[in-house]
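Please read it alongside the sequence and the model.

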Amino acid sequence: MGSLFRSEEMALCQLFLQSEAAYACVSELGELGLVQFRDLNPDVNAFQRKFVNEVRRCDEMERKLRYLEKEIKKDGIPMLDTGESPEAPQPREMIDLEATFEKLENELREVNQNAEALKRNFLELTELKHILRKTQVFFDEQEGGLNHTTESMTRALITDEVRTAGASMGPVQLGFVAGVILREKLPAFERMLWRACRGNVFLRQAMIESPLEDPTNGDQVYKSVFIIFFQGDQLKTRVKKICEGFRATLYPCPEAPADRREMAMGVMTRIEDLNTVLGQTQDHRHRVLVAAAKNLKNWFVKVRKIKAIYHTLNLFNLDVTQKCLIAECWVPLLDIETIQLALRRGTERSGSSVPPILNRMQTFENPPTYNRTNKFTKAFQALIDAYGVASYREMNPAPYTIITFPFLFAVMFGDLGHGAIMALFGLWMIRKEKGLAAQKTDNEIWNIFFAGRYIIFLMGAFSMYTGLIYNDIFSKSLNIFGSHWHLSYNKSTVWNNNFLQLSPATSDYEGTPYPFGLDPIWQVATSNKIVFQNAYKMKISIIFGVLHMIFGVIMSWHNHTYFRNRLSLIYEFIPQLVFLLVLFFYMVLLMFIKWNRYEATNAFPMTEACAPSILITFIDMVLFKESKAPGKDCNVYMFWGQSFFQTVFVLIALACIPVMLLGKPIKIMQARKLANVQPITGGSSDAEVGGMSNGGGGGHHDEEEMSEIFIHQGIHTIEYVLGSVSHTASYLRLWALSLAHAQLAEVLWTMVLSLGLNKEGWLGGIFLTVVFAFWAVLTVGILVLMEGLSAFLHTLRLHWVEFQSKFYMGQGYAFAPFSFDSIIENGSAAAGETE
């Protein structure tokens, strides 16, 4: 459990591996995931390292696998994923894998090329079929008695000179070309023909109803058939160039009807043959991809593991004999025996007779921070690490955040109904976590929700508890135990009077409080309900805030004692705690005293009217000013000797400031002077008085100028003193967001749902259904999602700034072990790049 409250103790080790056993040993360490290797060749180019050729081979295999994956996804074939992780293959198995991938890629590329050629041929035959069919319609119209149309067209296309010459030479024959063009290009194509040929061509076109498949990319395109009549070779050349420019495809079209029918029959025969061949080709391609899909996930895992191993081996050094690989790595101290067993297994697998050697090294470097987590604590640890990774062996706030985070969230979000929605959503994700984890998605929002499923569940559960305390469920109250107020109001008074108040000084109140939470009668107190709840929520916000900050200061004591920072303990922790206690904890005590001593029914002068203001009392206390009584015959103070104690408390708080400001720097300066006179052997050197500014593992004040130490301590003192005031006020956001959430819920109920509840009859039922749906969408969208996100961010701020600033430095770096699981999860094999 020590690692739960502090990071694991780490050790820097040197590892000696026999060359033939290095691959198998690194493979075992990758499965274990407990070793972070250091790069011993930082100045060596990546292309000049020993195993660069093996890494390139792995890159090529990955490229081939990605190509197979793309083709499999294109056909919609499901890939088998058993969830198991195969072991890293032996180096000799790389050749077999390479041969398998090469064969699959070549076969698939050949099949795709053949299929593309067949599809291109099929497209050409299909277009020719449509040309023959559409042009036959036109020629049939010409032969069926519409010769006058053709004659007029011919007269329009023939010039006067040709017409004069044709009178003696006989009838003039028009030439024509036929083809297909993309439908969207047809208007521009027609305009270009008219302008380039000066109106001396005649165009007929007809749309192809069904889309055609583009063999290059598989897209569905729409095309049109056209036939262009012209007269003369010059226009023929011009028309063909325009068709070429618009990427129109021209096809031969016989003039004789018999030739066209014969060609159409031949085209249909060839299309049927092509359909048969295409079907066989697609079946063969599908069989190849189905066989590859069964092993693709395992192949990816194997290749990425091989690549990760060789990346890691590139971090090692070779000894002078070229037979031993030397590595340096960070390992958790408690796992050294487990690591040695893994190395022994790797040596046995490789068949080597030389055992590996793991030696612990002495170092002055700051080790990486490693906090063990499980699926429950992982999300809370991620919240802390988002602020900054803890310094080595620094107190870890994550275990305490498991309780304080959802609780402070619930203080702002307290509603039984909204909390139940959130808790049920989190519980659903927890119950279905195995299936949901297997369904990997690129939706970042969903990934964030799923990663924080335990946080969401706890926030919902705590909100249900605070909702019961506030007696608030969708802005309404629950009357579980029966109200302890007995009012003489009739129904019309309750419904029509907009200024109802509750006064505990009257006989309407029994004198004993509601057993659990707020009395439901406050729901109808329209005039002083908010005043009563605001006073209550404002005070508990300050109480929770002060206790939270005191707990943070106490956490710093554990850091000072663990790192033996005696001067920090005496001149920082003690005055900080005393300053917080004599001012702000005393203000909390005044709240409890006021609640205990002043009641509406107490004997004079302890009535509610004589209760002094806590805020005014605290301000007068700090200003050494005599407080004024709230009324003519009221007592100024709440207990005997209050003025004397308040004066003493302020003087103690003021005395703590110079201690925090000057105590530690003066002691460091005295220690340096003493060190210049005689050697220090008692352990009270700068290493003892050092702070947490360099990772927590000892001080480095002997490397700093005294002026810098004084400035740093002055900034730290000013930040703490002023921060204590601002941080205490910052906790008022607990009250503010709770008020906003309750008022929004009441607005939604009053202005939306109550409209449906006031309707009667079967039309009222239909109207209520529609209104309820609208109210439910607004409730989930605004009050649960948006208000929940707002409360979450404010809670995060209270932990990062107000709580963790009292003890947490967060200047470490995370432990990044060589682990196959994380490499495969991230889809990357850059395992060695952990520095």
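This is a predicted model: local features need pLDDT of at least 70, side-chain atom pairs count only at pLDDT 80 or more; totals for chains, interfaces and linings use all residues.

Because Lys134 belongs to helix α4 while Glu209 sits in the loop between β4 (202-207) and β5 (212-213), the contact ties together parts that are 75 residues apart in sequence. Glu209, at 59% relative accessibility, counts as exposed.

**Salt bridges**

- Are Glu62 and Arg304 buried or exposed? Both Glu62 and Arg304 are buried.
- Salt bridges with shared partners connect Asp59, Glu62, Arg304 and Lys307 into one network.
- Within helix α4, Glu105 and Arg109 are 4 residues apart, about one turn of the helix, and they form a salt bridge in which the closest N and O atoms are 3.2 Å apart.
- Glu105 counts as buried because its relative accessibility is 5%, which is under the 20% limit, whereas Arg109, with a relative accessible area of 34%, is partly exposed.

**Charges over rings**

- Arg109, the salt-bridge partner of Glu105, also has its charged end over the ring of Tyr67, at 4.2 Å from the ring centre.
- A further contact of this kind involves Lys50, whose charged end sits over the ring of Phe51, 5.6 Å from its centre.

**Aromatic pairs**

- The search of the whole structure finds 41 aromatic pairs, among them an edge-to-face pair of Phe101 and Trp299, with 5.2 Å from centre to centre and 65° between the planes.
- Which parts of the chain does the pair of Phe101 and Trp299 tie together? Phe101 lies in helix α4 (residues 93-143) and Trp299 in helix α10 (residues 296-313), so the pair ties together parts that are 198 residues apart in sequence.
- Phe101 is buried because its relative accessible area is 1%, and Trp299, at 12% relative accessibility, likewise counts as buried.
- Phe176 and Phe229 form a tilted pair, with a centre to centre distance of 5.8 Å and an angle of 45° between the planes; since Phe176 lies in strand β3 (residues 175-182) and Phe229 in strand β7 (residues 223-230), the pair ties together parts that are 53 residues apart in sequence.
- Phe176 and Phe229 are both buried.
- Ring pairs also join Phe5, Tyr387, Tyr400, Phe551, Trp800, Phe803, Phe807 and Tyr808 into a cluster.

**Strand β1 and its partners**

- Of the 9 residues of strand β1 (residues 10-18), 7 are buried, so the strand is largely enclosed by the rest of the structure.
- β1 pairs with strand β10 (residues 324-332) in the antiparallel sense over 9 bridges, and Met10 stands opposite Pro332 in β10.
- β1 also pairs with strand β11 (residues 357-361), again in the antiparallel sense, over 5 bridges, with Gln14 standing opposite Asn359 in β11.

**Nonpolar surface patch**

- Ile421, Phe425, Trp428, Ile445, Phe449, Leu744, Val780, Ile782, Leu785 and Met786 make a nonpolar surface patch of about 850 Å².
- Which helix gives the most to the nonpolar patch? That helix is α26, with 4 residues, while α14 (416-431), α16 (444-451) and α26 (761-803) each supply at least two of the patch residues.
- Met786, one of the patch residues, lies in helix α26 and counts as exposed because its relative accessibility is 56%, a value over the 50% limit for that class.

How values were computed:
Residues are numbered from 1 along each chain as its sequence is written. Side-chain values use heavy atoms; hydrogens and water are left out. Patches are made of residues with over 30% relative accessible area and no salt bridge: like charges are joined within 9 Å, nonpolar side chains (Val, Leu, Ile, Met, Phe, Trp, Tyr) within 5 Å. Accessible areas come from the Shrake-Rupley method with a 1.4 Å probe; for residues, only the protein chains shown count as cover. A salt bridge is a side-chain nitrogen of Lys or Arg within 4 Å of a carboxyl oxygen of Asp or Glu. Buried means under 20% relative accessible area, exposed over 50%, partly exposed in between (1.4 Å probe, protein chains only). Rings of Phe, Tyr and Trp (its six-membered ring) pair if their centres lie within 6.5 Å; planes under 30 degrees apart count as stacked, over 60 as edge-to-face and the rest as tilted. A charge sits over a ring if NZ of Lys or CZ of Arg is within 6 Å of the ring centre and within 35 degrees of the ring normal. Two strands pair if DSSP finds at least two bridges between them.
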